[in-house]
Amino acid sequence: MVSVIVPIFNAERYLSRTLDSVLAQSYTDWECILVDDGSTDSSAAVAQRYADADPRFRCVSQPNGGVAKARNTGLDLAAGEFTAFLDSDDLWLPGKLETSVNELIQGDVDLLFTEAYSFRTETPPADPSRLPRLGAGVGTYRGPEGIALFLLRNPVPTLTVVAKTEAVRRTGGFKGRLAEDYRLWLEMLYNGCTLRGTGEPTALYRVREGSLSSNDRFEAREVLSMLKELCERFPHVVDYKPAARKWVRRYLKAAFRKGNEGFVGEQIGYWGIGTPAIGRILAVGERMPAWLYKLVLKQALK
């Protein structure tokens, strides 16, 4: 059985379509745990209607604690051998679970993820094949080589994941406020799990302007702090700084565009980005004119 975990927060506008996509699955041996994370709209009532109509849906409510806590609540309740994650505004294609479970079993891996389409409209087209793809990773990831590839970028669309429940629990579940999914995938790799990605799209990711992940100005700080913590906890696994440098540079460019120059300068020094001469210049820090400091940062991030 697959335990599908759906964290919900003020999703009344989209939730029915999301749950209908679960009902439409060709693979029918599932339970769907609906975790209402302190919604102030009618999301809980929508979820309850599905639970009343089909016993495979289970509802639970909790005070607002964020998506990581909501997913962990669902994980604690999961009865399935496998666990899948679906956000309350995203959609699955009808063969998603069947395809993923078969791949997971045949490939003898701990976590399987796939490609996904993205869309910005109220409803996706009937034929999504022309929609843009998220660019998920393809291949098998394990050991130091897998970790090094993951340090370049997060290749996993969470809405496509089906994983062995015990493997996720053994790793400790989701942690943090941002990038909680990326942290979990890295921790699974650090703890010896095997992850596999396929190029077949099985889901539809809804792009919403103003969402937390799209514009939180502290995302770079939290993600890089998480990355630093994990890499320093497992220094024997991979020489993480060179592996992560290209990925870190992209995050720092985003932080620079948002005016976070102090944070960017601090991180450039830690990760060894730019030339040694730039590092020495940045060490001057506050004694440097603001315009010059900004110019040096821009040069380092080229």
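This is a predicted model: local features need pLDDT of at least 70, side-chain atom pairs count only at pLDDT 80 or more; totals for chains, interfaces and linings use all residues.

Student: Why are α5 and α7 called roughly antiparallel to each other?

Tutor: The axes of helix α5 (residues 143-152) and helix α7 (residues 180-190) cross at roughly 165°. Angles over 145 degrees count as roughly antiparallel, and therefore α5 and α7 get that name. Their axes come within 9 Å, and the crossing is left-handed.

Student: Which residues make that contact?

Tutor: From α5 come Gly146, Ile147, Phe150 and Leu151, and from α7 come Tyr182, Trp185, Leu186, Leu189 and Tyr190.

Student: What makes up the contact of α5 with α7 by class: nonpolar, polar or charged residues?

Tutor: Eight residues are nonpolar, one is polar and none is charged. Gly counts as polar in this scheme, while Tyr and Trp count as nonpolar.

Student: How do you know whether arginine 130 is buried or exposed?

Tutor: Set its value against the cut-off. Exposed means over 50% relative accessible area; arginine 130 has 83%, so it is exposed. You will find arginine 130 in the loop between β6 and β7 (139-141). Between arginine 130 and tyrosine 117 there is a C-alpha to C-alpha distance of 8.8 Å, with the two 13 residues apart in sequence.

Student: What makes strand β6 mostly covered?

Tutor: Buried means under 20% relative accessible area, and nine of the nine residues in β6 (residues 111-119) are buried. For the chain, buried residues make up 51% of 302 residues.

Student: How do you know that β6 and strand β8 pair, and in which sense?

Tutor: Two strands pair if there are at least two bridges between them. β6 and β8 (residues 162-164) have two bridges, and the pairing is antiparallel. To see it on your screen, look for leucine 112 opposite valine 162 in β8.

Student: How many bridges join β6 to strand β9, and how do the two run?

Tutor: Seven bridges join β6 to β9 (residues 195-206), and these strands run parallel. Here serine 118 stands opposite tyrosine 205 in β9.

Student: And how many helices and strands are there in the chain?

Tutor: The chain has 13 helices and nine strands. As for contacts between residues at least 6 apart in sequence, 80% join residues at least 24 apart.

Note on methods: Residues are numbered from 1 along each chain as its sequence is written. Side-chain values use heavy atoms; hydrogens and water are left out. Axes are lines fitted to C-alpha atoms, for helices over the stretch in contact, and angles run from 0 to 180 degrees between N-to-C directions. Helices (H or I, at least four residues) and strands (E, at least two) are DSSP runs, numbered from the N terminus. Angles under 35 degrees count as roughly parallel, over 145 as roughly antiparallel, 65 to 115 as roughly perpendicular and the rest as oblique. A crossing is left-handed if the near helix is turned anticlockwise from the far one by less than a right angle, and right-handed if clockwise. Contact means heavy atoms within 4.5 Å. Buried means under 20% relative accessible area, exposed over 50%, partly exposed in between (1.4 Å probe, protein chains only).
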